[in-house]
Amino acid sequence: MPSLPYRQVHLDFHTSGEIPEVGAAFDPAEFRRGLENAAIDSITCFSVCHHGYSYHPTRVGVMHPGLKFDLLRAQMDAAHEAGAAVPVYLSAGGNDVAALAHPEWCEVNPPGVGGWGAPDERTPGFRKLCFNTPYLDYLCRLTDETLERFPDADGLFFDIILQCQCVCPKCVADMRAAGLDPESEADRLEFSQRVLINYYERIAETVRKHNPEMPVFHNSGHVDPARPELFRYFSHLELESLPTGGWGYDHFPQSAAFARRTGLEFSGMTGKFHGTWGEFGGFKHPNALRYECCVMLAAGARCSVGDQLHPTGKLDKTSCDLIGQAYREVREKEPFCRNAINLADVGVLSAAACGIRNGGDADTGAARILQEGHFLFDFLHPDMEFTGFKLLILPEEFDLQPALAEKLRRFAADGGKVLLIGRTAATSGLDFGAEFDGPGTFSPTYLLPAEAVRPDYLSTPFVVRAGNWKIRAAGGESLGDIYEPYFNREPGHFCSHQHTPNRPEPSGYSAGAVGGNAAVLAQSLFAVYACDGAVVLRLFLDKVLRRLLDKEITIESNLPSTARLTVTRDEINRRIVVHLLYADIVKRGRNVEVIEDLPPLYDTELRLRIPETVRSVTMEPQHDGLSFRQNGGRVETVVPLFRCHQMIVFSF
């Protein structure tokens with residue numbers, strides 16, 4: 001299977017049937033020049049959109065009534081002439097042509113349960129189809145036809161791959177036949193997963209008939225870390241993450257940190273929009289798109305930028321200019337990213353992958369703590385390998401299954417460090433040098449870290465908006481003291497505006513403990529940080545993590561917490577590449593994260609742990625040499641100035 005391209009565009013084309021003269025301004029030569037000028041090496045074009053229209057002649061579906069020629073064939077031929085690949089898009093979960101012709105194929109959500117698309121006929125928007133109805137047969141016929149007409153397609157992109165809780169007549173009858181209760185949410189969820197697996201199997205069977213090597217991606221808006229068994233249906237991953245569209249700038253690095261462990265090539269998918277999909281005439285600042293593409297390279301990903309083709313079929317000049325500025329830079333830098341593997345000192349067992357309901361906060365908090373502290377990390381499913389990591393973190397408390405507990409004990413016995421939360425630690429069988437007395441009764445609580453892990457400016461307890469597990473250090477090293485409030489805040493029983501102050505004396509319980517290769521925290525601090533963002537909490541956790549990693553940290557720097565850092569190793573070219581990233585991310589409008597300015601950073605100090613003798617240190621792709629000093633297993637250098645993204649290459 002060919003390697004995933006580095007400079008892809010996802011060219012949305014959801015076009016209402018009421019718009020005339022679709023594709024009338026399409027010019028193959030102009031389309032080809034647009035791709036070449038913007039340095040695009042792959043462009044996803046449409047076979048079937050959410051409206052349900054096909055953009056080529058069709059015997060199965062309905063060709064767009066305003067289209068007079070085979071637009072997809074014309075796009076594909078022009079793109080191939082420009083040397084660009086053309087994956088083909090099919091809207092799977094949304095198809096209004098099918099929904100209006102067959103309302104019995106539509107997904108019906110139970111009261112109080114949300115779905116995808118418009119909630120009712122009064123709301124403008126698309127309708128969600130149920131994969132448990134004959135609609136799936138129709139989708140397979142559309143796929144058959146697409147592959148017959150376009151055997152030179154460079155892949156398939158299926159969109160809206162969701163099966164929400166559905167109580168359409170077919171689902172209700174099939175649930176009852178399977179011994180499931182349509183009134184039970186648990187049974188509805190289980191049945192929806194069965195339906196989804198059947199969708200994957202049917203589509204895989206359909207594609208294999210035509211081309212067993214055809215690249216295929218199924219888009220659900222995110223990659224679910226709890227369902228690694230689904231990855232056998234994917235040739236690669238495309239991580240949808242538009243920072244201005246609600247995802248924010250922290251989302252993609254977290255998703256990439258899991259995607260790296262799947263063994264699949266992957267791309268990040270941002271957008272040229274100021275906001276999100278469906279925005280005509282929306283443009284982000286060129287510096288924002290430049291930064292986002294560089295973040296993808298630093299995370300080990302390829303790049304994909306979402307755009308939206310005007311109904312006339314004419315590429316938008318501003319969009320092409322924006323994308324071209326970013327992609328010409330990517331083209332220069334991608335040679336240093338091929339064959340490179342991202343290094344990770346820390347493995348985070350995803351709370352969501354461990355089946356923790358609402359575990360997203362703990363995962364988000366852990367990702368932010370690690371990014372802001374410039375730790376190298378990956379996210380894991382419990383079934384993945386733990387070898388190679390120096391520290392494993394379980395960022396939320398839950399009941400350990402015996403197999404996972406044994407796997408953690410083996411990891412610690414082999415010299416790895418383990419950090420757990422509360423009751424998870426109490427049931428792990430690991431020796432934390434601590435005693436566990438059960439859950440506390442107060443929330444919020446207060447924490448005064450031990451001197452060794454205390455933020456420099458702190459001398460009194462700080463508030464933690466959570467309860468605690470009662471832990472006493474017993475032979476292990478205490479991480480600090482828990483202070484309790486005078487009482488919990490209740491109606492008619494409160495103090496001040498928010499919460500009751502702490503008693504002046506410590507509670508007698510520890511904030512956590514370290515014993516041997518294991519450490520425990522008494523509170524769900526990662527989830528708290530995701531919601532609270534208190535700097536004092538991050539600084540405490542940063543010191544705890546450095547205490548556990550000791551001298552095993554791969555890289556250290558003086559970067560500010562708002563900068564980002566990753567490290568890759570390329571055995572073929574015998575080099576380590578340090579990626580430095582920095583942008584001024586601000587919130588504007590209604591909580592939209594944007595980038596406009598790229599201020600410089602000066603005198604960035606790097607201390608890299610490397611066993612080989614380093615021959616040179618250069619700033620790439622400028623080829624500017626840096627002076628360096630190697631002492632034992634550490635190499636030190638200083639980067640005098642960089643903006644946005646700088647690769648520092650240590651050749652050995």
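Author: A cavity is a set of grid points where a 1.4 Å probe fits but cannot get out. The model here is predicted.

Reader: How many cavities of 30 Å³ or more does the count come to?

Author: The count comes to three.

Reader: How much space lies in the largest cavity, and which residues lie nearest its centre?

Author: The largest cavity holds about 100 Å³ of space. Its lining is made up of 14 residues, and those nearest the centre are Ser241, Pro243, Phe252, Glu292 and Val295.

Reader: Which elements give two or more residues to that lining?

Author: They are α7 (251–259), β9 (266–271) and α8 (286–298). Of the elements, α8 gives the most, with four residues.

Reader: How do the residues of this lining divide into nonpolar, polar and charged?

Author: For the largest cavity, nine are nonpolar, four are polar and one is charged.

Reader: Now the second largest cavity: how much space lies in it, and which residues line it?

Author: The second largest cavity has about 50 Å³ of space. Its lining consists of Val9, Leu35, Ala38, Ile40, Ile43, Asp307, Leu315, Ser319, Cys320 and Ile323.

Reader: Which helix gives the most to the lining of the second largest cavity?

Author: Helix α9, residues 317–333, gives the most, with three residues.

Reader: And how does the lining of the second largest cavity divide by residue class?

Author: Eight of its residues are nonpolar, one is polar and one is charged. Cys counts as nonpolar under this scheme, so Cys320, one of the lining residues, is to be read that way.

Note on methods
Residues numbered from 1 in each chain as written. Predicted model: local features only at pLDDT ≥ 70, side-chain atom pairs only at ≥ 80, totals over all residues. Heavy atoms only, no water. 1 Å grid on protein atoms, 1.4 Å probe; cavity = no way out; pocket = protein on both sides within 12 Å on 5 of 7 lines; lining within 4 Å. Points joined across faces, edges and corners; volume = space filled by probe spheres on them.
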